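Here's a quick tour of a predicted model.

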Amino acid sequence: MADDVVGGQVADLRTECEEQARKNRFRRQFWRFTHAALGLPAAVLAGISGATGLSSADARIPAAVLALVSAGLSAAIAFLKPEVHQRAAHARRRAYLALEVEARFALTRAASSGEPVPLTVYRNLLERRRMIIAGQLDELVQRIAVGEGPADASASE
């Protein structure tokens with residue numbers, strides 16, 4: 001089993017998946033924070049500018065400045081779309097975690113049987129990794145649901 005080159009590659013892939021899942025967790029947190037950091041001040045400033053503008057005629061210029069800042073923050077949210085990035089990072093994280101589990105399962109199966117990891121299993125894992133990188137997560141979920149995935153259990157039996 002020491003010469004199981006494919007098993008070594010699967011182990012490397014498993015490690016990479018763990019790292020990518022960690023990075024995508026950080027990305028999700030970053031975009032969640034960005035959404036809150038832009039959205040909350042925008043809402044508060046919009047309310048304050050409305051109340052200030054209606055309070056007196058002398059307060060119209062500060063109210064207009066607050067309204068412009070609020071509009072700028074709202075435009076930044078619309079442009080950056082942090083909620084979209086947050087959902088995408090979450091989906092990628094889940095996909096990488098699932099791929100890491102499949103790689104671990106392939107390694108465990110090979111170790112328990114005393115045989116090397118089949119090349120077809122490694123190819124399947126690499127194809128799933130390619131789909132995650134390409135952002136084809138919906139297609140990946142469909143493939144797994146249809147039965148073309150997880151780690152091609154039939155190939156190793």
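## How α1 and α2 pack

Helix α1 (residues 5-55) packs against α2 at an angle of about 155 degrees, and their axes are 8 Å apart. An angle over 145 degrees counts as roughly antiparallel, so that's what α1 is to α2. Their crossing is left-handed.

On the α1 side, the contact includes Trp31, His35, Leu38, Pro41, Ala42 and Leu45. From α2 come, among others, Arg60, Ala63, Leu66, Leu73, Ile77 and Leu80. Sorted by type, the residues of this contact split into 15 nonpolar, 7 polar and 1 charged.

## The nonpolar cores

Which residues have the most contacts inside the largest nonpolar core? They are Val10, Val117, Leu125 and Ile132, in a core of 19 residues. Two or more residues each come from α1, α3, α4 (119-133) and α5 (137-146), with α3 giving the largest share at 6 residues.

Take Val117: leaving out residues up to four places away in sequence, it touches Asp4, Val6, Gly7, Val10, Ala106, Leu107 and Ala110. Apart from this core there's another one, of 5 residues, with Leu38, Ala42, Leu45 and Ile77 among them.

Lys81 sits in the loop between α2 (60-80) and α3 (82-113). Most residues other than glycine have a negative phi, yet Lys81, not a glycine, has a positive phi of about 50 degrees.

Is Lys81 buried, partly exposed or exposed? Its relative accessibility is 45%, so Lys81 counts as partly exposed.

Terms used:
Residues are numbered from 1 along each chain as its sequence is written. This is a predicted model: local features need pLDDT of at least 70, side-chain atom pairs count only at pLDDT 80 or more; totals for chains, interfaces and linings use all residues. Side-chain values use heavy atoms; hydrogens and water are left out. Helices (H or I, at least four residues) and strands (E, at least two) are DSSP runs, numbered from the N terminus. Buried means under 20% relative accessible area, exposed over 50%, partly exposed in between (1.4 Å probe, protein chains only). Axes are lines fitted to C-alpha atoms, for helices over the stretch in contact, and angles run from 0 to 180 degrees between N-to-C directions. Angles under 35 degrees count as roughly parallel, over 145 as roughly antiparallel, 65 to 115 as roughly perpendicular and the rest as oblique. A crossing is left-handed if the near helix is turned anticlockwise from the far one by less than a right angle, and right-handed if clockwise. Contact means heavy atoms within 4.5 Å. Ala, Val, Leu, Ile, Met, Phe, Trp, Tyr, Cys and Pro count as nonpolar, Asp, Glu, Lys and Arg as charged, and the others, Gly among them, as polar. A nonpolar core is a set of buried Ala, Val, Leu, Ile, Met, Phe, Trp, Tyr and Cys residues joined through side-chain atoms within 4.5 Å.
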